[in-house]
Amino acid sequence: MTGDGELGGKEYVLEGFAVPDQLDAVHSLLAQAAGDNPELDPMDVMLFETAVIEIANNVVEHGRPVGEVRWRFTVRVHEDEIEALLDDTGQQFQPRRGEDMPGEDAEGGRGLPIAEALLDQIDFRRMDDTNHWHMVRRLGQSPQI
């Protein structure tokens, strides 16, 4: 589950099906990364985890075909940032980027705006029948909320 990543950072990997039970495994993976890197500010870890879980939950909730979407979730801890890569085999879609937070009565649509506010970089692309998310939080930065 752990190994050395690029740029001398540590890498943590989770692979499997994007199903609700696996969200706990994502939390555990992030907790392991934080525990192995005590120099990380707990606020950075919490904000990063919140953003990443929002995206992971969207894959679990909206990925099709239900129960058959596979994912590979990678976290890398670098000297100045925490990075997550989330690749999934769900259907092709285009995320609606840069939208305002929905109103109080809305039943959804908050995940991506929350992630965008908490991360310094969030990129999405579709390549070779796979959705690729790249998420970065620079350490020591204030959230853009």
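This is a predicted model: local features need pLDDT of at least 70, side-chain atom pairs count only at pLDDT 80 or more; totals for chains, interfaces and linings use all residues.

Biologist: What percentage of the residues count as buried?

Modeller: Of the chain's 145 residues, 43% count as buried. The accessible surface is about 8,200 Å², and carbon and sulfur atoms account for 47% of that surface. As for contacts between residues at least 6 apart in sequence, 61% join residues at least 24 apart.

Biologist: Let us move to strand 3. Which strands pair with it?

Modeller: Strand 3 pairs with strand 2 (residues 10-17) in the antiparallel sense, over eight bridges. Strand 3 also pairs with strand 4 (residues 81-88), again antiparallel, over seven bridges. A hairpin of three residues links strand 3 to strand 4.

Biologist: And which residues face each other there?

Modeller: On one side, Leu-14 has Phe-73 of strand 3 as its bridge partner. On the other, Trp-71 is opposite Asp-88 of strand 4.

Biologist: Is strand 3 mostly covered or mostly open?

Modeller: Strand 3, which spans residues 70-77, is mostly covered, with six of its eight residues buried. Phe-73 gives an example of the surroundings: leaving aside residues up to four places away in sequence, its contacts include Tyr-12, Leu-14, Val-26, Leu-29, Val-52 and Leu-86.

Biologist: What about helix 2? How far does it reach?

Modeller: Helix 2 covers residues 42-62, which is 21 residues, and reaches 30 Å from its first C-alpha to its last. That is close to the expected 30 Å.

Biologist: Which residues of helix 2 are buried?

Modeller: Among them are Asp-44, Leu-47, Phe-48, Ala-51, Val-52, Ile-55 and Val-59. In general, an α-helix has 3.6 residues a turn, so residues three or four places apart point the same way. The buried residues of helix 2 pack against helix 1 (21-36), helix 3 (111-118) and strands 3, 4, 5 and 6.

Biologist: Which residues touch the most other members of the largest nonpolar core?

Modeller: That core has 36 residues, and Trp-71, Phe-73, Val-75, Leu-86, Trp-133 and Met-135 touch the most other members. At least two core residues come from each of strand 2, helix 1, helix 2, strand 3, strand 4, helix 3, strand 5 and strand 6. Helix 2 supplies the largest share, ten residues.

Biologist: Now the last two strands, please. How many bridges join strand 5 and strand 6?

Modeller: Strand 5 (residues 121-127) and strand 6 (residues 130-138) pair in the antiparallel sense over seven bridges. Phe-124 is opposite Trp-133 of strand 6. The hairpin of these strands has two residues between them, and Asp-128 there takes a positive phi near 50°.

Biologist: I am also curious about His-134. What does its side chain contact?

Modeller: The His-134 side chain makes a polar contact of 2.7 Å with the side chain of Glu-83. His-134 is located in strand 6. Beyond residues up to four places away in sequence, His-134 touches Glu-83, Ala-84, Leu-85, Gln-121, Ile-122 and Asp-123. His-134 and Phe-124 are ten residues apart in sequence, with their C-alpha atoms 6.5 Å apart.

Methods. Residues are numbered from 1 along each chain as its sequence is written. Side-chain values use heavy atoms; hydrogens and water are left out. Buried means under 20% relative accessible area, exposed over 50%, partly exposed in between (1.4 Å probe, protein chains only). Helices (H or I, at least four residues) and strands (E, at least two) are DSSP runs, numbered from the N terminus. Two strands pair if DSSP finds at least two bridges between them. Contact means heavy atoms within 4.5 Å. A polar contact is a pair of N or O atoms within 3.5 Å; within protein, one must be able to donate a hydrogen and the other to accept it, and residues adjacent in sequence count only if both atoms are side-chain atoms. The expected span of a helix is 1.5 Å times one less than its number of residues. A nonpolar core is a set of buried Ala, Val, Leu, Ile, Met, Phe, Trp, Tyr and Cys residues joined through side-chain atoms within 4.5 Å. Accessible areas come from the Shrake-Rupley method with a 1.4 Å probe; for residues, only the protein chains shown count as cover.
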